[in-house]
Amino acid sequence: MGKSGLQRFEKSLTVISRWFNWVAGGAVVGMMLLTVLDVGLRFFRRPIPGTYEVVGMLGAVFVAFSLAETSLKRGHIAVDFLVRKLSPAWQAAIDAVNAAVCGALFGLISWQSLRYAHDLRVSGEVSMTLQLPLYPFVNAIALGCGLLAIVLVARALQQTAQALTAKTP
């Protein structure tokens, strides 16, 4: 894949990750509204059944769908006070290895989540109060982790190219 092909691919990842982040934001708003309504209705002794379940499921969607955008913006916590003392080539190489390992890990998490979602669907597993099927939410986790894995592999490729072209002192 040429440089322009990789740039188009990275641009597509950015657009998809941004869309996922909007879905994550919607999940947070849903969690907030449901919680406020439930607390308000408790005042009138009319709580919303299953609020705890739905908030938990929306929380899973929020976390999974915000991972890729946060990674693209490098919004995760990084302890790099030692790495910053190295040359740009070594910094890029370490970032490439880190991204590749994390990409493989999140790829594995995505794959196992898909397998687990399949098992939940086959067994008919549902939530306790509302009897909502659980597998769509596990599929959402798999989707979010899969997108993060792709973002991390793209970063690993980008940083590898940068490490190979950077001049070492």
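A polar contact here is a pair of N or O atoms within 3.5 Å; within protein, one of the two must be able to donate a hydrogen and the other to accept it, and residues adjacent in sequence count only if both atoms are side-chain atoms. The model is predicted, so local features need pLDDT of at least 70 and side-chain atom pairs count only at pLDDT 80 or more, while totals for chains, interfaces and linings use all residues. Residues are numbered from 1 along each chain as its sequence is written, and side-chain values use heavy atoms, with hydrogens and water left out.

**View 1. Ser110 reaches a backbone oxygen of Ala142.**
Ser110 sits in helix α3; helices (H or I, at least four residues) and strands (E, at least two) are DSSP runs, numbered from the N terminus. A polar atom of the Ser110 side chain is 2.7 Å from the backbone oxygen of Ala142. Relative accessibility is 9% for Ser110, so this residue counts as buried (buried means under 20% relative accessible area, exposed over 50%, partly exposed in between, with a 1.4 Å probe and protein chains only). What else does Ser110 contact, leaving aside neighbours within four places in sequence? Besides Ala142, there are Cys145 and Gly146, where contact means heavy atoms within 4.5 Å.

**View 2. Helices α3 and α4 pack against each other.**
Helix α3 covers residues 88-123, and its axis lies 7 Å from that of α4, at an angle of about 160°. Axes are lines fitted to C-alpha atoms, for helices over the stretch in contact, and angles run from 0 to 180 degrees between N-to-C directions. The pair is therefore roughly antiparallel; angles under 35 degrees count as roughly parallel, over 145 as roughly antiparallel, 65 to 115 as roughly perpendicular and the rest as oblique. The crossing is left-handed, a label used if the near helix is turned anticlockwise from the far one by less than a right angle (clockwise would be right-handed). Sorted by class, 24 nonpolar, nine polar and three charged residues make up the contact of α3 with α4. In that sorting Ala, Val, Leu, Ile, Met, Phe, Trp, Tyr, Cys and Pro are nonpolar, Asp, Glu, Lys and Arg are charged, and the others, Gly among them, are polar.

Ala92 has 2% relative accessibility and so counts as buried. Not counting residues up to four places away in sequence, Ala92 touches Gln159, Gln162 and Ala163. Gly75 is 17 residues from Ala92 along the chain, and their C-alpha atoms are 18 Å apart.

**View 3. Helices α2 and α4 run side by side.**
The axes of α2 (residues 51-72) and α4 (residues 135-165) come within 9 Å and cross at roughly 10°, so the two helices are roughly parallel. Among the residues making the contact are Met57, Ala60, Val61 and Phe65 from α2, and Phe137, Ile141, Gly144 and Arg155 from α4. The class tally for this contact is 17 nonpolar, two polar and one charged. Zooming in on Ala60 of helix α2, its relative accessible area is 23%, so Ala60 is partly exposed. Ala60 and Gly144 are 84 residues apart along the chain, with 9.8 Å between their C-alpha atoms.

**View 4. Glu69 is a buried residue of α2.**
How accessible is Glu69? Its relative accessible area is 6%. A polar atom of the Glu69 side chain is 3.3 Å from the backbone nitrogen of Arg18. Arg18 is also one of the contacts of Glu69, along with Thr14, Ser17 and Asn21, once neighbours within four places in sequence are left aside. Glu69 and Val101 are 32 residues apart in sequence and 19 Å apart in space, C-alpha to C-alpha.

With 46% relative accessibility, Arg74 counts as partly exposed.
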